Amino acid sequence: MLQRVRAQLRQVADQMARRPELCCGAILLTCALLLPITLTCSRAKNVVALARPPVRFFPAEVPVVDLFLGQIEEADRLREEADVSLVFYYAPWCAHSITARQHVQQVALRLAGQVQFVAVNCWWHQGKCRKQKSFFQYPVIHLYYWRFGPIEYRGPVQSEYLESFIQRVSAPLTYLPTRRALHTFITHQQQGVVGYFQFNSSPQPAAYITFLLSALHALRRDHQGAVRFAVVTNQAVAEAVSLREDESVYLHRRLNSSLVFPRAQRNFTVQAVCDWVFENRESVIHWIQPTGAKSYLLEAELQRGPALLTFLPHNPLTANQLLKQVTDVAWRYHSCCGSEDGASGVPRCCRSLLVSGRASAVCDVCVSHCWALGLYVGLVELSSSSCGSVQSSYSPSGQFSVCCRSVPKPLRCPLLSDTIAGLQCRTNKTLHFYLLDAQLHWPLAQRLGASGNHSGPPFITIINLRDETHYVLKHTDSLEDFIQNFSVSYSPLHRHLVGHKQHQHTQSLIQEVTSDSFLDTVMDSQRDVLLLYYSAWCGFCSLLNHVFLQLARLFQGNSALTVARVNVGRNDLPWEFMVDHLPSVLFFPRHRKQMSVKFPENTPMTVPNLLRFVLQHSSHAPWEESGDGAESVSLLGAELHSLQREVFSLHRARERLSQQLAVLWRENRRLTLHTHTLETQNAELQAQSGRLETLYREKRRQLADSVHRLQELADASEELLKENALLKVLLSALRDRDTQEEKCEAS
C-alpha cells in the first residue's frame, strides 16, 4: 500500500516538473479554497457574544463578602478564620436567590459581629465554584461551626427562621449551672439531651468535643431544633437526673423511662450518639411543612390516623405561649402511666385487659410500648412493671379497648375520666398532633375553614381521613373539650363542610343547595327531593338547566316535591352523599331518605324520562294534592303531550336555525375571503403607488438637473458668440491696416 502511494506521488512530482504551470495552478486553487474557509471561521467566532462579566449581587454597604467571581478558595479561607460562618451559594438569575437576598441582608445586619457572612456566585462559568460544586437548585445555605460542617439549612428562607437556625448553630449546647435550670430545660423542651462532663484534666475533654459535635450533627437532621442538647459540669446538678459517672449522656423522656447512653455496648462517637438519640426519642407533636395543598407529606401523615392540625402564628425568635399550651395538652393526652396505685398495686393507666390464667391486668400502654419495639403481642413477657403474655386476639380497636370495662373491679386502674390526661389509652380514635406555621401555610388553613388572617388566634382542626370527617375548633370552646368530644364513641361534634355562602332567591323554581343547607333541604322528611349534582367546569351540566327548569315548572307550587341542585365544585358534602361523576341526579323520597335512587346513567336526561323517574319512585303521588286523581293524571298527560310537541317544534326550529346559520357562515366566509383579497390588492396598489411616486420624484429631480445644465450651456454659448464677434471685428481691423500698409509701401 505504501509503495503504491509513493509511486503515485512520484508520478505527480514528475508531471509537475515537466509542466510548471500545473503546479502553479494547484497552488492557486489551494489558496482560493483556504481563503474563504479562513474568513468563514473568523466570522463564526463573532456570531456568539461573550458573556457579560458578573457584578456584585449584594450591596456594598451590607456586611456580606460577595465573591461574585466564584472564588471558592477565598470562601474557604474566610470560613476557617471565623468561629461561625454562613456561606450563601447563589445564581444571579435565580428568582429564589433574589428573594432570599433581602432576608440574608437583614440577618447579616443584625449578626454581623458574631457570624461571618459569605456569598458565592456558583453560576459564573469561569469561577471555581461552578467547577467544584454541583448544585441542583439555588440558593444553597451552608453553616459552619469552626471547622465542622457544612450544616445545610433546609427551612424557609426568611429572616426570622434563618436567624433562629444560626443562633442554634452558634450555641448548640445550653449550659445548666443549677438544678432549677436543669428542671426548666427538661420541662420546657420537647426533647432534651443532657451530657455530664468534668472539666478537670483539660479545658475541653475529648468526650465533650464529641458531644458538642453530636449536637451540631443533630441539626443536619432536625433543622427545627426539636431535640436540644445541654451540658452539666456540676456533679450535684447531674445527680438530679441520676448521672454519677463522668462523660455520661442522659436522654429525658416523659412517657417512658429515661435512658443513659450505653457506652459499654456502643462506641462513644458522633454518629453513634445521634443515632441513639433519634432512635429512642419521644415525639408526640410534630412540625410539618407541606409543600402545597396537595402535598404528599401531608397525605402520608393523614393516612396514619386522625390528626389534629394546629396552625400557629409562629415566630422562632420569641417565646410562643400558644405553642406551650398545645404542647402541654399533647403531653397530657399521651401520658397514660403514672405512679402505682397503692390499693391495687397496678400501674396507673387508662385501659387494662384481664389475661386468662393470671391474677393481674395488662396495662395497654405497656402493650403499645412493646408494639413500638416491633414485638408480637403473644411473645411479650410481663413482670410486675413490664409487659407480659397477652392473648393474640387482643386489639386496641376491639371491644376491650374501652377503659377497663372488662376488668374485674379489684383490678381496675384508677381512671382520670374527667381530664384529658391519658386519653390516648381510653379511646379508639388516637390522635396525632401536628403543628403548622400559619404564616407559611395559611392558604391551607383557609381551605380547611379558617377565617381572618394568619396573625389572629390559632386555627385548630381534626381530620379523620378514614371516616372522611373534618371538625373545626370554635373560639368559644377549649382544646381539651374539643379533643374529648372527638374521642367518645358518638361524637357530638358537627362535621365542618367548606361551602359557598349564597343567598337563596324566594322566586326561584330550582332551589340552590349549599353545604349548610344540604341536610335541612335534602333530609326533609315531609318532601321528596330531586337533586342535581353539577359543577361550573362540567360542560354537559349546563345543557341540563333547561330540562330541570321545565321539570320545575311542572311541579311549581307543589309542596310534596322539591327540585334542587348543588354545586359540588364549591360546596363540600358528607361522603355518604357524594357521587362518582357529574352530572348526576338522585331522588330522595320522604320517610325513607336512606333509600335514595340514582337516575340511570344509560337513560337520556329528558323531561319525560325525569318525570317518569319521579313518578315511579315517589312515595306520594304529586297529583294527590289536587283532589281528583284521574282528572289530574289526564291533565298531566295532556300537559306532557303538549310539552313533547313543544320540544319537537323547538327541535325543528333549531334545525332551521342551524341551516340558516350554516348559510350565513358560508356567506360570511366568502365575504371574509373576498375582503382578504381586496386588502391584498389594495396593499399591492399602495406599494406600486409608492414606487411610482418615488420614480416621479427621481425623474423630476433629473429633469431639473438637465434644465440647469442646458441653461449653463446656453449662457456659455452666448458668451462664446460675443467673443467671436469681437474677434471678427479685430480681424477685419487688422486686415484693413495691413491693406493700407501694403498700399503705402507700393506708393
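Which residues are linked with Arg77 in a network of salt bridges? Select Glu74, Arg77 and Glu81 together, and you have the whole answer: these three are linked in a network of salt bridges. A salt bridge here is a side-chain nitrogen of Lys or Arg within 4 Å of a carboxyl oxygen of Asp or Glu.

Before you click on, know that this is a predicted model, where local features need pLDDT of at least 70, side-chain atom pairs count only at pLDDT 80 or more, and totals for chains, interfaces and linings use all residues. Residues are numbered from 1 along each chain as its sequence is written, and side-chain values use heavy atoms, with hydrogens and water left out.

**Stop 1: a cis bond and a positive phi**

Go to glycine 149 and proline 150. The peptide bond that joins them is cis, with omega at about 5 degrees. Proline 150 sits in strand β5, residues 148–152. (Helices, H or I with at least four residues, and strands, E with at least two, are DSSP runs numbered from the N terminus.)

Now pick tryptophan 146, in the loop between β4 (140–145) and β5. Tryptophan 146 is not a glycine, yet its phi is positive, about 55 degrees. For another positive phi, select serine 242, where the value is near 65 degrees. You'll find serine 242 in the loop between α9 (235–238) and β9 (248–252).

**Stop 2: two helix pairs**

Two packed helices are described by the angle between their axes and the distance between the axes. The axes are lines fitted to C-alpha atoms, for helices over the stretch in contact, and the angles run from 0 to 180 degrees between N-to-C directions.

Show helix α8 (residues 206–221) with helix α10 (residues 270–280): they pack at an angle of about 55 degrees, and their axes are 8 Å apart. That makes α8 oblique to α10. For the cut-offs, angles under 35 degrees count as roughly parallel, over 145 as roughly antiparallel, 65 to 115 as roughly perpendicular, and the rest as oblique. Their crossing is right-handed; a crossing gets that name if the near helix is turned clockwise from the far one by less than a right angle, and left-handed if anticlockwise.

Next, switch to helix α18 (residues 545–554) and helix α19 (residues 607–617). Here the packing angle is about 50 degrees, with axes 9 Å apart, so α18 and α19 are oblique to each other. The crossing of α18 and α19 is right-handed.

**Stop 3: salt bridges across the chain**

How many salt bridges does a search of the whole structure find? The search finds 18.

Is glutamate 512 buried or exposed? Glutamate 512 counts as buried because its relative accessibility is 12%, while arginine 565 is partly exposed at 24%. (Buried means under 20% relative accessible area, exposed over 50%, and partly exposed in between, with a 1.4 Å probe and protein chains only.)

Then select aspartate 580 and lysine 598, a salt bridge with its closest N and O atoms 3.1 Å apart. Aspartate 580 is in the loop between β20 and β21 (584–588), and lysine 598 is in strand β22 (residues 597–598), 18 residues away. Aspartate 580 is exposed, at 63% relative accessibility, and lysine 598 is partly exposed, at 33%.

**Stop 4: prolines in that loop**

Proline 574 also lies in the loop between β20 and β21. With a relative accessible area of 6%, proline 574 is buried.

The peptide bond from leucine 582 to proline 583 is cis, with omega near -5 degrees.

**Stop 5: helix α20**

Finish with arginine 670 and glutamate 667, which form a salt bridge at 2.3 Å, N to O. Both lie in helix α20, three residues apart, or about one turn of the helix. Leucine 664 is in α20 too, residues 629–746, and is exposed, with a relative accessible area of 55%.
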